[in-house]
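This report describes the overall build of a protein chain and then turns to two of its residues.

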Amino acid sequence: MINFDRFELENGLRVLIHEDPSTPLVAVNLLYHVGSRDERPDKTGFAHLFEHLMFGGSANIPDFDEWLQKAGGDDNAFTNNDFTNFYEVLPSANLETALWLESDLMQRLNFDEEVLDVQRKVVVEEFKETCLNEPFGDIWHLLSDLAFQVHPYRWPVIGLVPEHVENARMEDVRSFFFHYYRPNNAVLTISGKQDLRKTRKLVEKWFADIPAGQIPARQLPSEPPQQAYRRKVHYGDVPVDALYMAFHISGRADRAFYPADLLSDVLCNGASSRLYRRLLKEQRIFSSVDCYVGGSFDPGLLVIEGKLSKGFTPEQAEAAVWEEIRRLQQTPIEEQELQKWKNKAESNLVFSELSALSKGMNLAFFEVLGDPGLINSEWEIYAQLTAEEIYEAANTLLRPENCSSLHYCAQERK
(Lines give C-alpha, C1' and ligand atoms only; values in the text may rest on other atoms or scores of the structure.)
Protein backbone atom coordinates (compact mmCIF):
# COMPACT_ATOMS: atom_id res chain seq x y z
CA MET A 1 0.00 0.00 0.00
CA ILE A 2 1.38 3.40 -1.02
CA ASN A 3 -0.03 6.01 1.34
CA PHE A 4 -0.14 9.58 0.15
CA ASP A 5 -1.50 12.95 1.12
CA ARG A 6 -3.23 15.04 -1.54
CA PHE A 7 -4.06 18.73 -1.50
CA GLU A 8 -4.58 21.54 -3.97
CA LEU A 9 -3.27 25.10 -3.83
CA GLU A 10 -5.57 28.04 -4.59
CA ASN A 11 -3.86 28.49 -7.96
CA GLY A 12 -4.93 24.97 -8.97
CA LEU A 13 -1.65 23.12 -8.49
CA ARG A 14 -2.39 19.55 -7.40
CA VAL A 15 0.12 18.13 -4.92
CA LEU A 16 0.60 14.54 -3.76
CA ILE A 17 3.14 13.61 -1.07
CA HIS A 18 4.31 10.12 -0.19
CA GLU A 19 6.53 9.64 2.85
CA ASP A 20 9.08 6.82 2.56
CA PRO A 21 11.62 6.69 5.41
CA SER A 22 13.38 3.66 3.87
CA THR A 23 15.37 5.87 1.48
CA PRO A 24 17.68 8.83 2.14
CA LEU A 25 16.52 10.41 -1.12
CA VAL A 26 13.52 12.37 -2.25
CA ALA A 27 12.05 12.51 -5.74
CA VAL A 28 10.32 15.65 -7.01
CA ASN A 29 8.15 15.04 -10.06
CA LEU A 30 6.31 17.79 -11.92
CA LEU A 31 3.90 16.70 -14.63
CA TYR A 32 2.42 19.24 -17.02
CA HIS A 33 -0.77 18.09 -18.72
CA VAL A 34 0.37 19.02 -22.21
CA GLY A 35 1.72 16.76 -24.92
CA SER A 36 1.96 16.49 -28.65
CA ARG A 37 -1.82 16.07 -28.98
CA ASP A 38 -2.19 19.72 -27.86
CA GLU A 39 -0.16 21.04 -30.80
CA ARG A 40 -1.41 22.58 -34.01
CA PRO A 41 -0.88 20.53 -37.19
CA ASP A 42 1.37 23.29 -38.56
CA LYS A 43 3.36 23.67 -35.32
CA THR A 44 4.18 20.14 -34.20
CA GLY A 45 7.09 19.18 -31.95
CA PHE A 46 6.48 22.11 -29.57
CA ALA A 47 5.85 19.99 -26.46
CA HIS A 48 9.13 18.20 -27.07
CA LEU A 49 10.89 21.51 -27.73
CA PHE A 50 9.66 22.75 -24.35
CA GLU A 51 11.10 19.71 -22.64
CA HIS A 52 14.48 21.09 -23.76
CA LEU A 53 13.71 24.77 -23.18
CA MET A 54 12.73 24.17 -19.55
CA PHE A 55 16.37 23.34 -18.80
CA GLY A 56 17.55 26.59 -20.39
CA GLY A 57 17.15 28.56 -17.19
CA SER A 58 14.57 30.87 -15.69
CA ALA A 59 14.26 34.44 -14.47
CA ASN A 60 16.51 33.92 -11.44
CA ILE A 61 18.35 30.72 -12.38
CA PRO A 62 20.45 30.89 -15.56
CA ASP A 63 21.81 27.34 -15.11
CA PHE A 64 19.30 24.80 -13.79
CA ASP A 65 21.68 21.83 -13.66
CA GLU A 66 24.46 23.66 -11.85
CA TRP A 67 22.34 24.30 -8.76
CA LEU A 68 20.88 20.81 -8.74
CA GLN A 69 24.32 19.22 -8.98
CA LYS A 70 25.54 21.35 -6.10
CA ALA A 71 22.66 19.87 -4.09
CA GLY A 72 23.79 16.34 -5.00
CA GLY A 73 20.87 15.76 -7.34
CA ASP A 74 20.12 14.45 -10.78
CA ASP A 75 17.33 15.35 -13.20
CA ASN A 76 15.70 14.46 -16.49
CA ALA A 77 12.46 14.81 -18.44
CA PHE A 78 10.35 13.18 -21.12
CA THR A 79 7.44 14.07 -23.38
CA ASN A 80 4.70 11.90 -24.82
CA ASN A 81 1.38 12.37 -26.61
CA ASP A 82 -0.47 13.38 -23.45
CA PHE A 83 1.90 15.04 -20.98
CA THR A 84 5.39 16.35 -20.27
CA ASN A 85 7.20 15.16 -17.15
CA PHE A 86 10.16 16.69 -15.28
CA TYR A 87 11.85 15.15 -12.25
CA GLU A 88 14.73 15.51 -9.83
CA VAL A 89 16.17 13.00 -7.34
CA LEU A 90 18.36 14.38 -4.56
CA PRO A 91 19.20 13.95 -0.87
CA SER A 92 16.10 14.63 1.19
CA ALA A 93 17.90 17.37 3.15
CA ASN A 94 18.07 19.39 -0.09
CA LEU A 95 14.42 19.04 -1.10
CA GLU A 96 13.89 22.79 -1.03
CA THR A 97 16.48 23.29 -3.78
CA ALA A 98 14.42 21.23 -6.23
CA LEU A 99 11.20 23.03 -5.28
CA TRP A 100 12.90 26.41 -5.75
CA LEU A 101 14.22 25.40 -9.17
CA GLU A 102 10.90 24.06 -10.46
CA SER A 103 8.88 26.96 -9.09
CA ASP A 104 11.13 29.52 -10.76
CA LEU A 105 10.76 27.71 -14.09
CA MET A 106 6.99 27.68 -13.68
CA GLN A 107 6.99 31.34 -12.62
CA ARG A 108 8.90 32.51 -15.66
CA LEU A 109 10.90 30.64 -18.23
CA ASN A 110 14.04 32.29 -19.57
CA PHE A 111 12.68 33.77 -22.81
CA ASP A 112 16.04 34.26 -24.43
CA GLU A 113 16.62 34.18 -28.19
CA GLU A 114 20.02 32.55 -27.78
CA VAL A 115 18.59 29.74 -25.63
CA LEU A 116 15.76 29.22 -28.13
CA ASP A 117 18.21 29.08 -31.01
CA VAL A 118 20.39 26.50 -29.24
CA GLN A 119 17.47 24.26 -28.28
CA ARG A 120 15.91 24.49 -31.74
CA LYS A 121 19.14 23.14 -33.18
CA VAL A 122 19.35 20.40 -30.54
CA VAL A 123 15.80 19.21 -31.25
CA VAL A 124 16.23 19.36 -35.03
CA GLU A 125 19.46 17.40 -34.74
CA GLU A 126 17.66 14.81 -32.60
CA PHE A 127 14.94 14.59 -35.27
CA LYS A 128 17.55 13.95 -37.97
CA GLU A 129 19.48 11.46 -35.87
CA THR A 130 16.56 9.38 -34.61
CA CYS A 131 14.03 9.71 -37.46
CA LEU A 132 15.91 10.40 -40.69
CA ASN A 133 19.29 8.71 -40.23
CA GLU A 134 18.39 5.67 -38.13
CA PRO A 135 17.01 2.44 -39.63
CA PHE A 136 13.25 2.25 -39.03
CA GLY A 137 13.46 5.72 -37.41
CA ASP A 138 10.44 6.95 -39.35
CA ILE A 139 8.16 4.12 -38.24
CA TRP A 140 5.90 6.29 -36.10
CA HIS A 141 5.62 8.92 -38.80
CA LEU A 142 4.35 6.21 -41.13
CA LEU A 143 2.26 4.10 -38.76
CA SER A 144 0.58 6.98 -36.89
CA ASP A 145 -0.40 8.66 -40.13
CA LEU A 146 -1.79 5.36 -41.43
CA ALA A 147 -3.80 4.52 -38.29
CA PHE A 148 -5.13 8.00 -37.44
CA GLN A 149 -6.98 10.24 -39.86
CA VAL A 150 -8.06 13.25 -37.74
CA HIS A 151 -6.85 12.87 -34.13
CA PRO A 152 -3.50 14.58 -33.33
CA TYR A 153 -2.05 11.19 -32.43
CA ARG A 154 -1.45 11.04 -36.19
CA TRP A 155 1.89 12.81 -35.71
CA PRO A 156 4.70 11.54 -33.45
CA VAL A 157 5.87 13.39 -30.36
CA ILE A 158 9.03 14.64 -32.05
CA GLY A 159 6.89 16.36 -34.70
CA LEU A 160 5.82 15.90 -38.29
CA VAL A 161 8.79 17.65 -39.91
CA PRO A 162 11.88 19.38 -38.46
CA GLU A 163 10.85 22.65 -40.14
CA HIS A 164 8.06 23.15 -37.57
CA VAL A 165 10.65 23.46 -34.79
CA GLU A 166 13.16 25.28 -37.02
CA ASN A 167 10.53 27.95 -37.66
CA ALA A 168 9.50 28.33 -34.01
CA ARG A 169 9.58 32.00 -33.00
CA MET A 170 9.70 33.63 -29.58
CA GLU A 171 6.05 34.67 -29.77
CA ASP A 172 5.13 31.01 -30.41
CA VAL A 173 7.16 29.93 -27.39
CA ARG A 174 5.64 32.55 -25.09
CA SER A 175 2.13 31.64 -26.17
CA PHE A 176 2.67 27.91 -25.66
CA PHE A 177 4.26 28.47 -22.24
CA PHE A 178 1.55 30.72 -20.81
CA HIS A 179 -1.18 28.49 -22.21
CA TYR A 180 0.01 25.22 -20.72
CA TYR A 181 2.86 25.58 -18.22
CA ARG A 182 0.69 26.93 -15.44
CA PRO A 183 0.09 25.58 -11.92
CA ASN A 184 -3.55 24.72 -12.71
CA ASN A 185 -2.32 22.47 -15.53
CA ALA A 186 0.27 20.63 -13.43
CA VAL A 187 0.64 17.89 -10.83
CA LEU A 188 3.50 18.00 -8.31
CA THR A 189 4.45 14.81 -6.48
CA ILE A 190 7.10 14.45 -3.79
CA SER A 191 8.10 10.95 -2.76
CA GLY A 192 10.78 9.80 -0.35
CA LYS A 193 12.20 10.67 3.04
CA GLN A 194 10.50 13.80 4.32
CA ASP A 195 8.17 15.28 6.90
CA LEU A 196 4.67 15.81 5.54
CA ARG A 197 4.00 19.00 7.48
CA LYS A 198 7.32 20.60 6.54
CA THR A 199 7.03 19.57 2.91
CA ARG A 200 3.58 21.09 2.63
CA LYS A 201 4.89 24.38 3.97
CA LEU A 202 7.75 24.34 1.46
CA VAL A 203 5.35 23.69 -1.41
CA GLU A 204 3.16 26.59 -0.32
CA LYS A 205 6.23 28.81 0.09
CA TRP A 206 7.51 28.23 -3.45
CA PHE A 207 4.37 27.64 -5.50
CA ALA A 208 1.38 29.32 -3.84
CA ASP A 209 2.02 32.80 -5.26
CA ILE A 210 2.38 31.67 -8.90
CA PRO A 211 -0.72 32.89 -10.73
CA ALA A 212 -3.04 30.42 -12.42
CA GLY A 213 -3.42 30.54 -16.19
CA GLN A 214 -6.25 30.40 -18.68
CA ILE A 215 -5.80 26.86 -19.92
CA PRO A 216 -7.32 26.39 -23.38
CA ALA A 217 -10.32 24.07 -23.48
CA ARG A 218 -9.21 20.81 -25.04
CA GLN A 219 -11.40 20.23 -28.09
CA LEU A 220 -9.66 17.43 -29.90
CA PRO A 221 -11.30 15.76 -32.89
CA SER A 222 -12.46 12.23 -32.12
CA GLU A 223 -11.00 9.57 -34.34
CA PRO A 224 -13.90 7.91 -36.20
CA PRO A 225 -14.13 4.12 -36.02
CA GLN A 226 -12.00 2.49 -38.68
CA GLN A 227 -14.24 0.78 -41.21
CA ALA A 228 -11.78 -0.87 -43.59
CA TYR A 229 -8.41 -2.61 -43.57
CA ARG A 230 -5.49 -0.30 -44.44
CA ARG A 231 -2.13 -1.33 -45.80
CA LYS A 232 0.94 0.70 -46.71
CA VAL A 233 4.12 -0.66 -48.29
CA HIS A 234 7.19 1.45 -47.62
CA TYR A 235 10.74 0.97 -48.88
CA GLY A 236 13.68 2.22 -46.87
CA ASP A 237 17.38 1.82 -46.22
CA VAL A 238 16.99 -0.92 -43.61
CA PRO A 239 18.76 -4.26 -43.16
CA VAL A 240 15.66 -6.49 -43.09
CA ASP A 241 11.95 -6.37 -43.87
CA ALA A 242 9.57 -5.64 -41.01
CA LEU A 243 5.86 -5.86 -40.26
CA TYR A 244 3.77 -3.49 -38.15
CA MET A 245 0.06 -4.07 -37.45
CA ALA A 246 -1.89 -1.47 -35.45
CA PHE A 247 -5.37 -2.03 -33.99
CA HIS A 248 -7.49 0.70 -32.38
CA ILE A 249 -8.26 0.24 -28.68
CA SER A 250 -9.87 2.33 -25.94
CA GLY A 251 -8.16 5.05 -23.91
CA ARG A 252 -6.14 4.43 -20.75
CA ALA A 253 -8.91 5.37 -18.31
CA ASP A 254 -11.48 3.08 -19.93
CA ARG A 255 -12.18 -0.29 -18.27
CA ALA A 256 -11.90 -1.89 -21.73
CA PHE A 257 -8.20 -0.95 -21.80
CA TYR A 258 -7.30 -3.72 -19.34
CA PRO A 259 -8.40 -6.78 -21.35
CA ALA A 260 -6.71 -5.21 -24.39
CA ASP A 261 -3.51 -4.83 -22.38
CA LEU A 262 -3.60 -8.42 -21.16
CA LEU A 263 -4.45 -9.57 -24.68
CA SER A 264 -1.21 -7.97 -25.91
CA ASP A 265 0.69 -10.04 -23.32
CA VAL A 266 -1.03 -13.24 -24.43
CA LEU A 267 -0.03 -12.50 -28.00
CA CYS A 268 3.59 -11.58 -27.38
CA ASN A 269 5.23 -10.83 -24.06
CA GLY A 270 8.21 -13.09 -23.57
CA ALA A 271 9.27 -16.55 -24.65
CA SER A 272 6.07 -18.34 -23.61
CA SER A 273 3.69 -16.02 -25.50
CA ARG A 274 1.90 -17.24 -28.60
CA LEU A 275 3.49 -15.22 -31.39
CA TYR A 276 6.98 -15.65 -29.96
CA ARG A 277 6.63 -19.37 -29.43
CA ARG A 278 4.97 -20.25 -32.73
CA LEU A 279 6.18 -17.66 -35.23
CA LEU A 280 9.69 -17.05 -33.94
CA LYS A 281 10.81 -20.26 -32.21
CA GLU A 282 8.88 -22.86 -34.21
CA GLN A 283 8.28 -21.43 -37.68
CA ARG A 284 11.19 -18.94 -37.58
CA ILE A 285 9.26 -16.38 -39.61
CA PHE A 286 10.43 -13.56 -37.33
CA SER A 287 13.87 -12.85 -35.90
CA SER A 288 12.18 -10.60 -33.32
CA VAL A 289 8.51 -10.03 -32.52
CA ASP A 290 6.59 -8.01 -29.95
CA CYS A 291 3.10 -6.82 -29.06
CA TYR A 292 2.22 -3.86 -26.84
CA VAL A 293 -0.35 -1.17 -26.12
CA GLY A 294 0.45 2.54 -26.11
CA GLY A 295 -1.57 3.42 -23.00
CA SER A 296 -2.54 6.85 -24.35
CA PHE A 297 -5.22 8.94 -22.64
CA ASP A 298 -7.41 9.05 -25.74
CA PRO A 299 -8.21 5.87 -27.69
CA GLY A 300 -4.91 4.50 -28.94
CA LEU A 301 -3.32 1.43 -30.47
CA LEU A 302 -2.37 -2.16 -29.85
CA VAL A 303 0.66 -2.84 -32.04
CA ILE A 304 2.17 -6.10 -33.27
CA GLU A 305 5.64 -5.62 -34.75
CA GLY A 306 8.44 -7.84 -35.88
CA LYS A 307 11.61 -8.05 -37.94
CA LEU A 308 11.46 -10.82 -40.52
CA SER A 309 13.85 -13.72 -40.95
CA LYS A 310 15.59 -14.06 -44.29
CA GLY A 311 13.44 -15.74 -46.91
CA PHE A 312 10.07 -14.52 -45.61
CA THR A 313 7.99 -11.63 -46.94
CA PRO A 314 5.78 -9.22 -44.97
CA GLU A 315 2.77 -10.77 -46.71
CA GLN A 316 3.70 -14.21 -45.42
CA ALA A 317 4.40 -12.87 -41.94
CA GLU A 318 1.09 -11.04 -41.76
CA ALA A 319 -0.80 -14.13 -42.92
CA ALA A 320 0.87 -16.12 -40.13
CA VAL A 321 -0.09 -13.47 -37.55
CA TRP A 322 -3.72 -13.56 -38.71
CA GLU A 323 -3.70 -17.34 -38.36
CA GLU A 324 -2.57 -17.05 -34.73
CA ILE A 325 -5.21 -14.39 -34.12
CA ARG A 326 -7.89 -16.70 -35.49
CA ARG A 327 -6.78 -19.43 -33.11
CA LEU A 328 -7.13 -17.02 -30.22
CA GLN A 329 -10.58 -15.95 -31.43
CA GLN A 330 -11.94 -19.49 -31.68
CA THR A 331 -11.63 -20.61 -28.06
CA PRO A 332 -11.22 -18.69 -24.78
CA ILE A 333 -7.78 -19.17 -23.27
CA GLU A 334 -7.44 -21.69 -20.48
CA GLU A 335 -7.48 -20.50 -16.89
CA GLN A 336 -3.88 -21.59 -16.29
CA GLU A 337 -2.61 -19.45 -19.17
CA LEU A 338 -4.75 -16.52 -18.10
CA GLN A 339 -3.47 -16.72 -14.53
CA LYS A 340 0.11 -16.68 -15.78
CA TRP A 341 -0.44 -13.35 -17.53
CA LYS A 342 -2.33 -11.93 -14.55
CA ASN A 343 0.61 -12.81 -12.32
CA LYS A 344 3.02 -11.19 -14.75
CA ALA A 345 0.92 -8.03 -14.90
CA GLU A 346 0.84 -7.84 -11.10
CA SER A 347 4.60 -8.36 -10.80
CA ASN A 348 5.21 -5.63 -13.41
CA LEU A 349 3.06 -3.24 -11.36
CA VAL A 350 4.96 -4.10 -8.18
CA PHE A 351 8.38 -3.67 -9.79
CA SER A 352 7.29 -0.36 -11.33
CA GLU A 353 6.83 1.10 -7.84
CA LEU A 354 10.04 0.13 -6.05
CA SER A 355 11.85 3.47 -6.12
CA ALA A 356 10.77 6.84 -4.75
CA LEU A 357 10.90 8.27 -8.27
CA SER A 358 8.68 5.58 -9.81
CA LYS A 359 6.13 6.04 -7.02
CA GLY A 360 6.08 9.78 -7.62
CA MET A 361 5.74 9.35 -11.38
CA ASN A 362 2.90 6.86 -11.00
CA LEU A 363 1.05 9.07 -8.53
CA ALA A 364 1.26 11.99 -10.95
CA PHE A 365 0.14 9.81 -13.86
CA PHE A 366 -2.89 8.42 -12.06
CA GLU A 367 -3.81 11.86 -10.73
CA VAL A 368 -3.95 13.39 -14.19
CA LEU A 369 -5.72 10.25 -15.42
CA GLY A 370 -8.44 10.96 -12.86
CA ASP A 371 -7.84 8.68 -9.86
CA PRO A 372 -4.55 8.60 -7.90
CA GLY A 373 -5.95 5.72 -5.83
CA LEU A 374 -5.35 3.46 -8.84
CA ILE A 375 -1.74 3.24 -7.72
CA ASN A 376 -3.01 0.85 -5.04
CA SER A 377 -6.00 -0.75 -6.74
CA GLU A 378 -5.13 -1.22 -10.40
CA TRP A 379 -3.81 -4.73 -9.81
CA GLU A 380 -7.32 -5.73 -8.67
CA ILE A 381 -8.68 -4.84 -12.13
CA TYR A 382 -6.20 -7.20 -13.76
CA ALA A 383 -6.92 -9.90 -11.16
CA GLN A 384 -10.66 -9.76 -11.96
CA LEU A 385 -10.29 -10.16 -15.72
CA THR A 386 -11.89 -13.30 -17.13
CA ALA A 387 -11.05 -15.57 -20.04
CA GLU A 388 -14.30 -14.47 -21.63
CA GLU A 389 -13.20 -10.81 -21.54
CA ILE A 390 -9.92 -11.66 -23.28
CA TYR A 391 -11.84 -13.73 -25.84
CA GLU A 392 -14.26 -10.86 -26.45
CA ALA A 393 -11.39 -8.34 -26.79
CA ALA A 394 -9.67 -10.59 -29.32
CA ASN A 395 -12.82 -10.84 -31.43
CA THR A 396 -13.77 -7.17 -31.07
CA LEU A 397 -10.37 -5.56 -31.60
CA LEU A 398 -8.33 -7.90 -33.77
CA ARG A 399 -10.39 -7.53 -36.93
CA PRO A 400 -9.08 -6.69 -40.42
CA GLU A 401 -11.33 -3.62 -40.66
CA ASN A 402 -9.75 -2.34 -37.41
CA CYS A 403 -6.20 -2.94 -38.63
CA SER A 404 -3.60 -0.66 -40.21
CA SER A 405 -0.73 -2.72 -41.59
CA LEU A 406 2.67 -1.33 -42.54
CA HIS A 407 5.04 -3.45 -44.61
CA TYR A 408 8.49 -1.89 -44.23
CA CYS A 409 10.70 -3.38 -46.94
CA ALA A 410 14.47 -3.31 -47.21
CA GLN A 411 14.34 -3.05 -50.98
CA GLU A 412 11.81 -3.40 -53.73
CA ARG A 413 11.41 -7.02 -54.76
CA LYS A 414 11.39 -7.57 -58.53
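## Overall build and two residues

Of the 414 residues in the protein chain, 56% count as buried, that is, under 20% relative accessible area with a 1.4 Å probe and protein chains only, where over 50% is exposed and in between is partly exposed. The model is predicted, so local features need pLDDT of at least 70 and side-chain atom pairs pLDDT 80 or more, while totals for chains, interfaces and linings use all residues. Residues are numbered from 1 along each chain as its sequence is written, and side-chain values use heavy atoms, without hydrogens and water.

The C-alpha atoms of the protein chain occupy a box of roughly 60 × 50 × 35 Å along the principal axes. Among contacts (heavy atoms within 4.5 Å) with a separation of 6 or more, 81% join residues 24 or more positions apart.

Two residues located in strands (DSSP runs of E, at least two residues, numbered from the N terminus) are listed below.

| Residue | Strand | Relative accessibility |
|---|---|---|
| Thr79 | S4 (residues 74–79) | 14% |
| Val289 | S9 (residues 286–293) | 11% |

Thr79 counts as buried because its relative accessibility is 14%. Its side chain forms a polar contact of 2.6 Å with that of Glu51; such a contact is a pair of N or O atoms within 3.5 Å, within protein one able to donate a hydrogen and the other to accept it, and residues adjacent in sequence count only if both atoms are side-chain atoms. Beyond four places in sequence, Thr79 touches Ala47, His48, Glu51, Thr84 and Val157.

Val289, leaving aside neighbours within four places in sequence, is in contact with Cys268, Leu275, Tyr276, Leu280, Glu305 and Gly306.

Terms used:
Helix = DSSP H or I, 4+ residues; strand = E, 2+ residues; numbered from the N terminus.
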